[in-house]
Amino acid sequence: MKCDADIVVVGGGPAGAAAAIQARRSGASVILLEADPSPRRRPGETVHSGAISIFNQLGVETAVERSSGARYDSISVNWAGRRSFDSSRISPTEGRSLGFQIERSSLDALLVERARSLGADVRRPCRALQPLIDDGRIVGVRTDLGELTAASVIDASGTGSWLRKGVSLREELASPRLIARYGYCRSMDVRAFETPCLTGDREGWRWIARVSTDTLAWVSVAFPNAPVRPCKPDPLLDLVDIGPTRGADVTWRRVATCSGMGFFIAGDAAFRVDPAAGHGILRAMMSGMMAAYQAAQMIRKNICPDHVSRLYRGWMAEWWERDTSALSSLYDELDPAWARPRANQVHAQSGG
């Protein structure tokens with residue numbers, strides 16, 4: 001059966017755009033679907049210098065550096081009362097490039113444009129409605145603009161978890177419910193925030209970073225058993241807000257079956273932890289690239305689908321274990337009882 005494309009990617013964020021770029025670099029035809037007419041502002045704009053090599057592979061390193069609002073060589077950390085300057089979160093080794101801040105809307109736009117320049121068929125706004133299934137295999141996507149068939153579908157729909165809901169894949173939870181509050185403030189004097197600041201105590205953690213010459217971004221996560229407190233960090237209370245405070249569910253969760261017959265799930269749609277992990281954008285891009293590479297290997301080199309699916313699931317499982325283990329250890333330093341009593345829940349959610 002002739003397909004509309006080798007690969008259909010659902011989602012135009014870092015995971016989806018990176019998947020589309022990798023697919024084209026691997027010689028596969030690709031259609032990229034994005035429901036939003038234009039990129040939206042989102043949290044998580046601090047980019048570890050380790051991502052620069054990935055940006056280079058994707059062909060966007062120069063564009064990303066031009067779009068950066070600030071550069072950093074370290075982070076000021078006050079964790080459980082211990083103060084330090086953690087250069088490992090920004091420049092892991094001496095001589096490496098600086099970390100930087102970039103607006104997510106800018107990052108999303110330049111990644112999608114790179115995919116388009118390589119020949120990806122970008123369709124936006126176009127909403128994925130349901131997976132097309134034939135004899136237990138995903139064979140395409142039903143969208144609000146019609147049906148598309150493909151040899152492989154990559155779900156990079158983020159927290160929307162489009163494919164998991166569409167085929168009722170089980171979702172595992174590994175933390176109590178965690179909500180990240182985030183916002184932006186304007187200040188004509190941001191010299192006090194030249195270095196990003198991470199503060200953690202028994203109540204949770206707060207992050208403040210300069211994202212441009214006059215704008216600060218902040219993120220706050222409170223532990224479930226913490227007393228009620230203002231979402232906005234104390235040092236910013238007198239500053240003028242840019243837009244409303246927003247929230248995002250950052251409960252640790254994953255879809256263990258993140259690949260199978262005709263599909264791969266990448267980025268936050270596959271698993272997510274809270275932003276304290278420090279490399280959400282890097283993980284999103286790398287998982288999208290890995291999914292596209294494995295899909296292209298299967299399509300172009302006729303490699304066994306079961307083999308590539310197992311490789312991808314194993315790779316994602318190892319990353320999940322590393323992130324959840326590291327975060328648990330960090331939070332235990334703040335409050336050994338932070339996760340009680342709702343940790344390690346497992347449930348299944350039906351399609352929607």
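In this predicted model, Trp79 and Tyr331 are both buried, where buried means under 20% relative accessible area, exposed over 50%, and partly exposed in between, computed with a 1.4 Å probe on protein chains only. For Tyr331 the relative accessible area is 0%, and for Trp252, which is likewise buried, the value is 1%. Residues are numbered from 1 along each chain as its sequence is written. Because the model is predicted, local features need pLDDT of at least 70 and side-chain atom pairs count only at pLDDT 80 or more, whereas totals for chains, interfaces and linings use all residues; side-chain values use heavy atoms, with hydrogens and water left out.

A search of the whole structure for aromatic pairs returns 10, a pair being two rings of Phe, Tyr or Trp (the six-membered ring of the latter) whose centres lie within 6.5 Å, with planes under 30 degrees apart counted as stacked, over 60 as edge-to-face and the rest as tilted. The ring centres of Trp79 and Tyr331 are 6.4 Å apart with planes at 20°, so this pair is stacked. Trp79 belongs to strand β5 (residues 75-79) and Tyr331 to helix α7, so the pair ties together parts that are 252 residues apart in sequence; helices (H or I, at least four residues) and strands (E, at least two) are DSSP runs, numbered from the N terminus. The rings of Trp252 and Tyr331, with centres 6.1 Å apart and planes at 35°, form a tilted pair. This second pair also links distant parts of the chain, since Trp252 lies in the loop between β18 (246-249) and β19 (253-254) and Tyr331 in helix α7, 79 residues apart. Ring pairs link Trp79, Phe223, Trp252, Tyr331 and Trp338 into a cluster.

Among the strands, all six residues of β1 (residues 5-10) are buried, so β1 is largely enclosed by the rest of the structure. Strands are taken to pair if DSSP finds at least two bridges between them. Strand β1 runs parallel to β11 (residues 146-155), to which five bridges join it, and Ile7 stands opposite Ser152 in β11. Four bridges, again in the parallel sense, connect β1 with β2 (residues 30-33), and the bridge partner of Val9 in β2 is Leu32. Elsewhere, an open antiparallel sheet is formed by three strands in the order β3-β7-β4. Strands β3 (46-47) and β4 (70-72) stand at its edges, each with a single partner strand, so one side of each is left without a neighbour in the sheet. Three bridges join β4 to β7 (residues 99-101), with Ala70 bridged to Gln101.

Glu171, in strand β12 (residues 170-173), is buried at a relative accessible area of 2%. Its side chain is joined to that of Arg253 by a polar contact of 3.3 Å, the term denoting a pair of N or O atoms within 3.5 Å of which, within protein, one must be able to donate a hydrogen and the other to accept it, residues adjacent in sequence counting only if both atoms are side-chain atoms.

Several backbone features remain to be described. Most residues other than glycine have a negative phi, and most peptide bonds are trans. A cis peptide bond, with omega of about -5°, joins Arg124 and Pro125. The C-alpha atoms of Pro125 and Pro37, 88 residues apart along the chain, are separated by 4.7 Å. A positive phi of about 55° is found at Asp135, which is exposed at 80% relative accessibility, and one of about 45° at Ser161, which is buried at 1%.
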